[in-house]
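Please look through the sequence and the model shown below before reading on. The paragraphs that follow lead from the chain as a whole to a few individual residues.

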Amino acid sequence: MKTLLMTSVLALSCVSAAAQEKKLTIGGYGEAVMTRNFYSQSFNRYKKPENYANDDSHGRFDLPHVVLNLGYDFGHGWTMGSEIEFEHGGNGTAVEIEAEEAGEYEAEVEKGGEVNIEQFWINKAFAGGKFNVKMGEIIVPVGYSNAHHEPNQFFGVYRPEGESTILPNTWHQVGLSLWGRLKDWRYEAQLLSGLNSESFTAEDFVHYGATSPYEFKVANNYAVAARVDNYMVKGLRLGLSGYYGYTFRNSLRTPGAKYDDVHGALGIVALDFTLNRWNWLVRGNVDYAHFADADEISAYNQANWTHHKYQDGNPHHYTNIGSHALAYALEAGYNVMPLMTRRQAGAGQSLWLFGRFEHYNTMASGTYASMYKHTKRYRAAVGVNYSPVKQITLKAEYAYRFFEKPNNSGLAADSPLYKQPYNNEPSVSIGVTYTGWFM
């Protein structure tokens with residue numbers, strides 16, 4: 001009897017320990033990459049492309065993202081999630097050469113600390129998860145790359161270039177989210193602080209607008225974001241997302257009265273899809289953004305530029321801004337592992353051969369569009385993804401970034417009116433990534 005009692009107590013203890021373990025979740029993802037770029041790395045290569053056509057290639061090693069996820073289930077529908085991210089090694093500051101500021105060296109604040117808290121939220125689930133309320137630092141799921149930013153959600157060594165350029169990525173802000181899943185539909189609506197138009201640029205559009213150099217995020221303006229995904233067709237997901245909010249005055253400065261009618265309204269709409277069937281994995285997206293008052297805000301930003309004698313240390317940008325931005329992309333991969341012998345195709349293994357094409361333009365239209373022809377870019381890539389186990393992927397790709405050739409209308413190359421074409425930008429990249437839950 002004593003032995004039986006001790007066995008029962010031990011069994012109950014094990015069950016209790018297992019239940020506690022299920023409450024805590026630990027996971028993450030990470031990327032280590034190497035690239036050789038077969039084009040000039042000069043900051044001035046777009047201003048006088050003919051001077052840099054024969055420059056040497058250059059290489060880079062990087063840790064784009066290393067992330068630790070921690071979650072906990074408190075019970076009664078209450079859960080917590082967090083994501084701690086180290087970008088490019090985790091430094092809070094970096095030295096850069098500013099192409100838009102005559103090639104000057106600048107030490108810039110990249111984020112508000114050495115470690116970036118990309119997510120920290122509390123969620124309350126109702127009706128078995130059909131309706132949820134989430135509060136805290138949350139992902140803004142506008143565009144494919146923000147909703148699906150883990151390295152196993154794209155084929156390339158780096159995140160999709162177009163969306164990662166024109167939009168914040170990964171876009172995260174403190175806010176309130178209402179979301180859930182109803183049969184074949186997933187929905188989400190968010191209330192957020194607005195972006196900051198002082199951080200918009202010609203070459204990156206609104207990419208830096210969600211960051212803050214302060215210990216807090218200024219919230220003079222508010223914005224809304226929404227996303228809906230449909231899963232009715234087997235293996236197919238269709239997504240529609242959007243964003244709208246004012247961006248001007250969302251800083252610590254107070255503009256003069258002449259800017260009373262300037263709001264910097266930003267509207268974004270994005271369509272994306274994923275098809276995973278018949279050993280094919282196909283993804284695509286189209287993103288379009290409109291930025292109102294682009295000319296007025298460009299003039300305002302330039303009047304308060306970084307190296308003005310009264311603005312030393314200004315963390316924002318001195319650059320013109322476009323009124324529209326565009327990005328679209330399509331990638332397709334075929335898993336050849338099932339074609340091999342059963343002995344070679346082990347459980348969890350995959351071998352994807354893929355191709356990708358994308359176009360993006362951060363200055364698709366606006367008063368200053370003719371000054372920034374190099375922001376209209378195309379990129380084609382082919383490569384391979386091999387996963388020896390489900391959580392780990394080895395990646396390799398050859399990419400070719402190219403630009404439209406100017407219309408010289410028969411002008412000779414030595415004519416003073418002749419416009420030199422931009423040099424194409426090929427590269428080779430390899431990387432290793434992991435994505436998964438440890439417990």
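The chain has 439 residues, and 46% of them count as buried. The structure shown is a predicted model. Its secondary structure consists of four helices and 19 strands. The accessible surface of the chain amounts to about 22600 Å², and carbon and sulfur atoms account for 60% of that area. How do the parts of the chain come together? Of the contacts between residues at least 6 apart in sequence, 66% join residues at least 24 apart.

The peptide bond that joins N169 and T170 is cis, with an omega of about -10°.

Further along, the loop between β10 (185-193) and β11 (222-230) contains F205. This residue is not a glycine, yet the phi of F205 is positive, near 50°. Is F205 buried or exposed? F205 counts as buried because its relative accessibility is 0%, and the cut-off for buried is under 20%.

A positive phi also occurs at D293, again a residue other than glycine, with a value near 65°. D293 is placed in the loop between β14 (280-291) and α4 (294-303). The relative accessible area of D293 is 23%, so this residue is partly exposed; that class lies between the cut-offs of 20% and 50%.

Terms used. Residues numbered from 1 in each chain as written. Predicted model: local features only at pLDDT ≥ 70, side-chain atom pairs only at ≥ 80, totals over all residues. Heavy atoms only, no water. Helix = DSSP H or I, 4+ residues; strand = E, 2+ residues; numbered from the N terminus. Buried < 20%, exposed > 50% of the residue type's maximum accessible area, 1.4 Å probe, protein only. Contact = heavy atoms within 4.5 Å. Areas by Shrake-Rupley, 256 points an atom, 1.4 Å probe, with all protein chains shown as cover.
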